[in-house]
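Welcome! Take a moment to look over the model below, and then we will walk through a few of its residues and its domains together.

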Amino acid sequence: MKFVEDIGIDLGTATFLIYMKNRGLVLQEPSVIAMARDTKEVMAVGEEAYRMLGRTPGNIVAVRPIKDGVIADDALTEKMIEMFMSKVRTGPNKLFGFKPQLMIGVPSGVTDVEKRAVLRAAINSSARRAYLIEEPLAAAIGAGLAIAEPVGSMIVDIGGGSTDIAVISLGGIVVSESLRIAGNEFDESIIRYVRRKENLMIGDRTAEEIKVKIGAAMITSEEDILTAEVRGRDLVNGLPKTITLTTEDIVEALSEPVTRIVEGVKRVLETTPPELVSDIIDRGIVMTGGGSLLRQFDELLRQQTGIPVAVAENAIEAVAIGTGMALEMIPILRHALISSDNYLRR
Ligand SMILES: Nc1ncnc2c1ncn2[C@@H]1O[C@H](COP(=O)(O)OP(=O)(O)OP(=O)(O)O)[C@@H](O)[C@H]1O
Ligand SMILES: [Mg+2]
């Protein structure tokens, strides 16, 4: 089985990533699939399907099979894994139909039913064996933390659908919490704010663009304040209207979800054994996931916890890289992994 290239997958709400040992990150596309409404025939996946979101004629639907960090549709998730895998598998692997091992990152706190659904999807999409690894553990490995040692590390992974907060030591998760508040919720908060304050209706993608362009978790100096023109529909007369928003608006719009994440981090710290807290104070908290790129989020977390905070250099890819690296660390991680071999029999 020398030719078989094992594969690491980050099955994200927003983004699907595939990491292969010898080739690095080989795929990074939106977790979206488009199909015919009546026949359920798949029309497109990834980038191509993403462009169809919200713009499909009646007979085509573009959907995200993973919502809020959980599997919303088994069959479509399976199809998506299968299609993305066949995109990246080439040469003898594809030709001879070698079956790889998969390491798949799942949010901490997924249910047994969901775990089985993902494992089954992996096996059905031609894996020889599949392992599940909790996303924060994969994120910690991918961010380069020394997770195998008897020292505490804290990871805060803010994705699209969920925020995973975890303290890791000796190759396993000691304390963790998973919140269904992350990037998508930020977008929705912006939509609600703009509707309330300006009577303006804006779409998901516009909200996300504003967040990335001018958003922040707090303002530390005048230079942080940016502005953006935003187009939407006036709720009073139904006509298109353009307004200007500032970073201050977005800080206000995001204050609730951001605060809930900060509170989650504090709760996890409160239930962490004292020796590990002391390690975390020395080594700092590491943030990963696209949501951690919101400006000044690290600064806010630093001020609120009194602990140093760093955003991982590879924040968006950390989970995917970690799943790939985990394939080489199976003996160390054995207690933390779930394998299709023992989980699917029965
Ligand atoms: N520069 C940025 N500033 C703020 N938010 C950002 C930035 N870049 C990406 N994001 C947000 O990050 C989120 C996606 O992050 P990520 O790719 O880590 O999610 P995911 O792994 O697919 O989701 P999950 O882990 O919840 O399943 C989106 O909500 C996106 O808007
Ligand atoms: Mg993620």
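Let us start with Ser 292, which sits in the loop between β17 and α10. Keep in mind that this is a predicted model. Gly 290 is found in that loop too, between β17 (285-288) and α10 (297-305). An unreviewed UniProt entry lists both Gly 290 and Ser 292 under "binding site", along with others including Gly 160, Glu 208 and Lys 211.

Is Ser 292 buried or exposed? Ser 292 is buried, because 28 other C-beta atoms lie within 10 Å and the cut-off for buried is 20 or more. Gly 290 has 19 C-beta neighbours inside 10 Å, so Gly 290 counts as partly exposed.

| Residue | Touches |
|---|---|
| Gly 290 | Ala 14, Gly 159, Gly 160, Gly 183, Ala 315 and Ile 316 |
| Ser 292 | Val 156, Ile 158, Met 287, Phe 297, Val 311 and Ala 315 |

Now step back to the whole chain, which is divided into domain 1 (7-138 + 319-343) and domain 2 (148-311). The C-alpha centres of domain 1 and domain 2 are 25 Å apart. Each domain brings 19 residues to the contact. On the side of domain 1 that touches domain 2, α5 (135-142) and α12 (330-333) each supply at least two residues. Of these, α5 gives the most, with three residues. By class, this side of domain 1 has eight nonpolar, seven polar and four charged residues.

Terms used
Residues numbered from 1 in each chain as written. Chains lettered and ligands numbered in written order. Predicted model: local features only at pLDDT ≥ 70, side-chain atom pairs only at ≥ 80, totals over all residues. UniProt positions renumbered as here; feature names shortened; annotations may be inferred. Helix = DSSP H or I, 4+ residues; strand = E, 2+ residues; numbered from the N terminus. Buried ≥ 20, exposed ≤ 12 C-beta atoms within 10 Å, placed from the backbone. Contact = placed C-beta atoms within 7 Å. Domains from an automatic or database assignment. Nonpolar A, V, L, I, M, F, W, Y, C, P; charged D, E, K, R; others polar. Lists of a residue's contacts leave out its neighbours within four places in sequence.
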